[in-house]
Amino acid sequence: MKNANMTRRTLLRGAGVALALPYLEAVAFAQTGKSEGEAPLRMAFLFVPNGINMAHWTPATEGALGALPHALEPLAGMKDHFNVLTGLTQNWAFAHGDGGGDHARSAAAWLTGCKPVKTSGANIKVGLSADQLAAAKRGALTRFPSLEIGCERGGLAGDCDSSYSCAYSNTISWRTENSPVAKEVDPRLVFERLFGGEDPNESAEARDQRKLNNKSILDFVLEDAKSLQGRLGAHDRHKIDEYFTGIREIERRMTFLEKAGKETGVSGEALKARMSGGMPDYPDHVRLLGDMMVLAFQADITRISTFMFANEGSNRAYKQIGINDGHHETSHHGRNPEKLENIKKINRFHVEQLTYILQKMQSIKEGNRTLLDNTMLVYGGGISDGDRHNHDDLPLLIAGGAGGTLKGGQHIKYKNGTPMTNLLITMLDRFGVPGESLGDSTGKVQQLF
Amino acid sequence: MFRHASLLVIGLPLAALTAGAALPQKKPVQKNPAPASAKAALATAAGNFERDVLPLIQKYCVGCHTAPNGSGAINLSSEKSFASVLKSRTSWDRVSGVVLEKRMPPADMPQPTDAERKRMGNTLESLFSQADCKINDPGRVTMRRLNRAEYNNTIRDLLGVNVRPADDFPNDDVGYGFDNIGDVLSLSPLLMEKYLSAAAKTAQTAIIAAEDKPRLQKFPAGVLQGPGSISGEGYQLATNGEASVEYTFPVPGTYTIIVRAGASTFGNDTRLIGKGKDGKPDKLGPEPAKMAIQYKGAAIRGFDVFAGPNNQLDYKTTVAVEQAGKQKIGVAFLNDAYDEKLPEGRRDRNFYIESVSIEASPEVINSTARRELPFSHRKIVIDTPDDTSDAEWNRAAKAVLAPLAHRAFRRPVTEAEVTRLIGLTRLAKAQKQSFEKGIQLALQGILVSPSFLFRPEPDAKPDDPNYRRQLNDHELATRLSYFLWSSLPDDELLGLADQKKLQSPGVLLAQAKRMLKDPRSRSLAENFAGQWLQLRKVGVVQPDTTRFPSFNDPLRNAMRTEAELFFSGIVQEDRSVLEFLDSDYTYLNETLAKHYGTPGVQGEEFRRVALQGAQRGGVLSMASVLTLTSNPGRTSPVKRGKWVLENLLGTPPPPPPPNVPELDKPGGKIEAETLRKRLEIHRSNPACANCHAQMDGIGLALENYDAIGKWRTEDAGKPMDVSGTLPDGNKFTGPKELKRVLLSKKSQFTKAMTERLLTYALGRGVERTDKCNLDTMAKSVETKNFKFSAMVEAVITSKPFRERRGDESGKKV
């Protein structure tokens with residue numbers, strides 16, 4: 001399929017963005033009733049911090065979605081495209097004798113299902129995350145195995161949460177149990193990384209030369225790294241291993257480019273214009289990053305993404321919707337009605353941004369489906385009530401059609417205490433990574449597919 | 001920042017009071033079997049333990065803290081001798097602190113007398129200290145990667161360019177309060193990608209290769225000057241006139257001017273003489289537009305423009321420029337015509353210019369490349385080949401790269417390394433590119449090499465925890481410069497390392513003092529103070545401007561500048577660190593002076609101002625600190641108290657329990673009370689009382705400052721009550737007295753700050769085994785009048801700074 005794609009690749013101009021669409025095939029195959037060329041499945045995890053005002057999140061009844069609760073109302077127009085899941089639990093986000101630090105633990109456990117080691121620095125460790133497991137197994141099919149984005153940089157000073165290193169609060173993607181995956185927060189840089197690529201005016205000869213130069217530089221530094229390796233202790237070797245992984249990943253990407261023959265993305269004037277001057281306002285920031293994630297899916301630059309709308313424990317003041325107090329501070333509502341009202345507003349505001357992203361996916365046709373149909377997207381967080389810091393009955397929803405296999409429109413209630421990782425391994429199975437267990441998973445969830 | 005963020009929800013059940021309070025402790029590293037004398041000492045120690053500690057523990061503690069499931073997961077019932085205590089230290093390590101600070105036993109339990117507390121606490125402390133000192137462990141720092149600040153500074157000081165590539169790197173995670181901790185500085189594939197592209201961009205900025213010089217400068221229609229206007233086809237001249245640009249000719253020489261233009265049609269077809277667009281001599285067509293390219297206001301060549309508005313063509317001429325400098329290049333339209341009687345499409349001749357470009361000839365490029373070399377280029381490319389032979393290329397490359405790699409890697413480089421770097425330059429030679437291009441490639445290699453990106457301290461026996469060694473001179477120089485400058489050693493320091501002179505404490509100290517006076521020590525303010533005092537948060541605080549309308553960005557910047565200048569002043573003038581607690585001066589500009597109500601400061605430049613009265617002085621009363629410890633809409637005595645305990649006294653309160661009990665029913669009366677009253681209700685819950693008594697007491701004394709640090713004497717119309725008490729009985733009212741109490745704890749402050757500085761300098765958490773060193777270090781600072789340089793001296797001459805050992809986790813990881 002790949003070669004066929006290459007030869008018949010066609011440039012499609014739309015919304016000011018010229019993209020090579022690898023799924024022209026899909027259109028053709030769909031029309032002839034063949035399934036071979038179907039667009040691939042994509043998977044995304046969108047994270048929101050500090051818990052949810054559950055009274056305005058959980059649908060009143062189980063089964064078919066009726067009138068949506070206030071926080072979910074923005075999604076009313078696309079009820080058939082998502083399910084609300086309740087009762088799922090992150091067992092290892094609870095203290096288990098480790099005292100405070102629910103924020104750090106809940107983000108760290110969200111996609112790993114593991115217990116983070118309580119440390120300010122030495123021996124950071126939690127577990128491999130679902131997205132990175134998928135990236136390790138299936139990521140080689142695309143130029144970027146996965147994409148990690150978010151709206152907030154890491155902590156600036158002080159510890160992030162009760163003697164847990166900031167890496168736990170700021171990261172949901174873990175490439176290994178002790179390697180958090182840094183996320184990109186600046187839309188301009190995400191754009192350059194995904195779509196900037198190569199200079200279209202560069203001659204083939206110059207490009208080959210540049211590649212040869214890069215290859216030589218990488219060979220040079222690899223030798224340097226190898227000469228160090230033997231004289232480093234265990235902890236240092238871990239750092240050098242990360243270095244090697246980085247180099248290998250770049251080499252893979254270079255050969256991938258050669259194989260593909262041509263960079264996928266060409267330009268993105270429409271997006272570029274929205275990136276002039278400094279960091280955008282929060283809603284624009286979320287939407288811009290969302291657009292890029294969608295574009296990266298559309299162009300098959302990657303199939304896996306994580307997106308932190310904010311870091312866990314974020315004390316951002318959502319002034320756009322008239323809330324001048326910090327989110328984290330507000331989330332400790334103590335049942336104060338004003339604070340609960342504000343949390344509800346923030347929850348809904350986030351869901352509005354989610355709706356924008358889902359609608360964008362829905363607007364992109366892939367054969368006789370849409371990009372949304374070919375996606376599994378989990379949205380939610382690792383804390384249920386922000387005041388109680390509980391990690392059971394989590395606020396979660398799953399959107400998208402998973403390639404036409406996931407029916408929407410349901411409120412599925414799992415037995416409280418069901419590990420969230422059961423949902424994750426069910427998704428992984430669907431994604432083509434079967435038979436895995438993850439953290440505290442006990443088996444696949446039912447009723448979903 | 002997340003603990004205690006809202007006073008309404010914080011409760012501290014007894015069980016959680018001690019759980020997770022201390023930093024994670026590694027298991028005691030049992031080294032060599034204890035020699036006979038040590039065994040004897042241990043025996044004495046055990047005697048003290050059994051006499052002075054054990055009975056009191058039995059009497060006051062084991063009631064709750066009994067194995068296997070003692071309160072707070074602390075078990076004190078099993079150990080009957082100090083030797084066995086040493087084997088299960090995690091519980092015991094916390095005892096002395098909570099007992100001496102009267103945090104335990106809880107208030108509703110029988111209390112030891114003060115004398116008993118001292119006996120128990122001090123005995124335990126000294127026993128542990130003795131045991132730890134015997135281990136005499138320098139600890140091990142995990143290899144540190146340059147963090148963002150260090151990367152930027154290192155590029156600046158290595159190459160002499162200020163490009164700050166790391167601003168685009170992902171954030172470095174924070175551990176132990178700092179973002180330079182080896183264990184936490186991971187390297188993701190994303191960052192590796194950034195390193196590669198940053199290296200390429202930086203190399204091209206620092207070194208100018210002829211190939212990189214743009215030969216052509218293009219001025220699009222939008223920047224042309226003249227009587228015309230912008231249209232869809234370009235710059236439109238609708239009447240006779242001149243469009244022009246100003247161009248600075250860098251050197252005399254030959255330049256080509258290229259005008260891409262076209263014109264709309266006027267008039268009936270006539271037989272044209274000359275060349276049509278297709279080059280044929282005779283042709284029927286409308287009269288062409290006439291254009292002249294002008295230089296210094298005079299036409300240097302005229303053209304017949306046959307091209308239309310939508311299929312414009314390039315019209316070129318060369319010009320000999322005699323003198324460098326700015327000149328006007330003009331494009332004149334000479335035969336405007338309009339006749340409304342003619343048919344549509346033939347009645348109006350207008351002229352359109354898509355762009356004007358100026359192309360330099362190769363000679364010009366070569367001469368400018370030589371003349372315009374930036375400082376960085378001259379600093380790096382100190383030699384070039386004299387002829388085209390391979391040997392000469394290699395010789396020059398070596399002359400350039402050996403010293404460059406030496407500085408970049410902060411150590412001597414081997415012959416083999418230089419040879420491989422020369423190999424990279426030869427890629428350029430093979431492609432018939434310039435020598436400078438080759439140096440660029442080698443520099444890229446240097447900048448992504450692990451020897452540059454990391455600060456390795458390779459060992460002969462890296463996985464043997466018993467293996468000890470002194471750092472070599474280059475490792476020491478590197479630790480020192482990244483500590484004080486967040487950058488690489490300068491030539492003087494590196495030179496001393498080359499001569500192996502840094503092992504002498506006198507030389508090391510003299511260097512440190514020199515470096516502290518250097519402006520580069522400003523990095524300590526930005527990176528150490530920025531994190532120790534959490535000043536970096538000032539950049540992101542979001543006070544509620546409806547409640548605090550005077551807060552704006554100039555004030556935000558002024559707050560941070562004040563604190564950084566204050567810190568830098570103490571560093572560079574080598575003042576007493578006790579001035580952090582209280583001082584009779586600060587640094588103000590007009591914005592901040594107005595905020596403080598200090599008269600007589602005009603203008604936005606900062607200056608040192610002597611303080612009158614008792615409102616300000618020291619970091620505690622700086623608007624920066626007061627704002628970053630507040631919530632957006634109001635003050636938080638809890639956060640302020642916690643900040644003091646954590647950062648100034650080094651006794652962070654334990655984290656709140658994982659599940660916070662509810663304090664009040666909805667609609668209860670608690671919301672209506674004053675902040676002080678609400679906190680009192682809060683503390684009436686015994687589960688909360690112990691920790692909050694400490695935090696609240698300190699924080700309430702600072703209530704004279706509002707949430708952006710403005711002085712006030714009443715809150716919502718009610719007069720302020722700013723009295724407070726510490727658990728040790730110290731009473732005080734208001735900020736001035738709080739500072740007096742803090743000054744009375746100057747030893748504790750000094751030790752806490754030394755601990756922070758040591759953590760920052762080492763890039764690792766301070767372990768139990770460092771505590772013994774820390775005591776000695778803090779005492780030496782006291783004997784040297786608390787001078788900042790004394791603290792730096794204590795750090796850089798300490799065992800953990802000057803020595804290392806093998807990794808204790810061996811093959812496990």
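At what angle do helix α17 (residues 505-517) of chain B and helix α28 (residues 788-796) of chain B pack, and how far apart are their axes? In this predicted model, the angle between the two helices is about 135°, and their axes are 10 Å apart. Because of that angle, α17(B) is oblique to α28(B). The crossing of α17(B) past α28(B) is right-handed. On the α17(B) side, the contact is formed by L508(B), L509(B), A512(B), K513(B) and L516(B), while α28(B) contributes S789(B), V792(B), E793(B) and I796(B). Sorted by class, the contact of α17(B) with α28(B) comprises six nonpolar residues, one polar residue and two charged residues.

Chain B has a mean pLDDT of 85, with 88% of its residues at 70 or more. Within chain B, helix α15 (residues 473-484) has the highest confidence, at a mean of 98, whereas helix α1 (residues 14-17) has the lowest, at 34. For the complex, the predictor gives an ipTM of 0.75 and a pTM of 0.76.

| Stretch of chain B | pLDDT | Contacts beyond four places in sequence |
|---|---|---|
| Residues 1-43 | under 50 | 110 contacts |
| Residues 661-668 | under 50 | 13 contacts |

Where pLDDT is low, the predicted coordinates should not be read in detail.

Conventions: Residues are numbered from 1 along each chain as its sequence is written. Chains are lettered from A and ligands numbered from 1 in the order in which they are written. This is a predicted model: local features need pLDDT of at least 70, side-chain atom pairs count only at pLDDT 80 or more; totals for chains, interfaces and linings use all residues. pLDDT is the predictor's confidence in each residue, from 0 to 100. Helices (H or I, at least four residues) and strands (E, at least two) are DSSP runs, numbered from the N terminus. Two residues are in contact if their C-beta atoms, placed from the backbone, lie within 7 Å. Axes are lines fitted to C-alpha atoms, for helices over the stretch in contact, and angles run from 0 to 180 degrees between N-to-C directions. Angles under 35 degrees count as roughly parallel, over 145 as roughly antiparallel, 65 to 115 as roughly perpendicular and the rest as oblique. A crossing is left-handed if the near helix is turned anticlockwise from the far one by less than a right angle, and right-handed if clockwise. Ala, Val, Leu, Ile, Met, Phe, Trp, Tyr, Cys and Pro count as nonpolar, Asp, Glu, Lys and Arg as charged, and the others, Gly among them, as polar.
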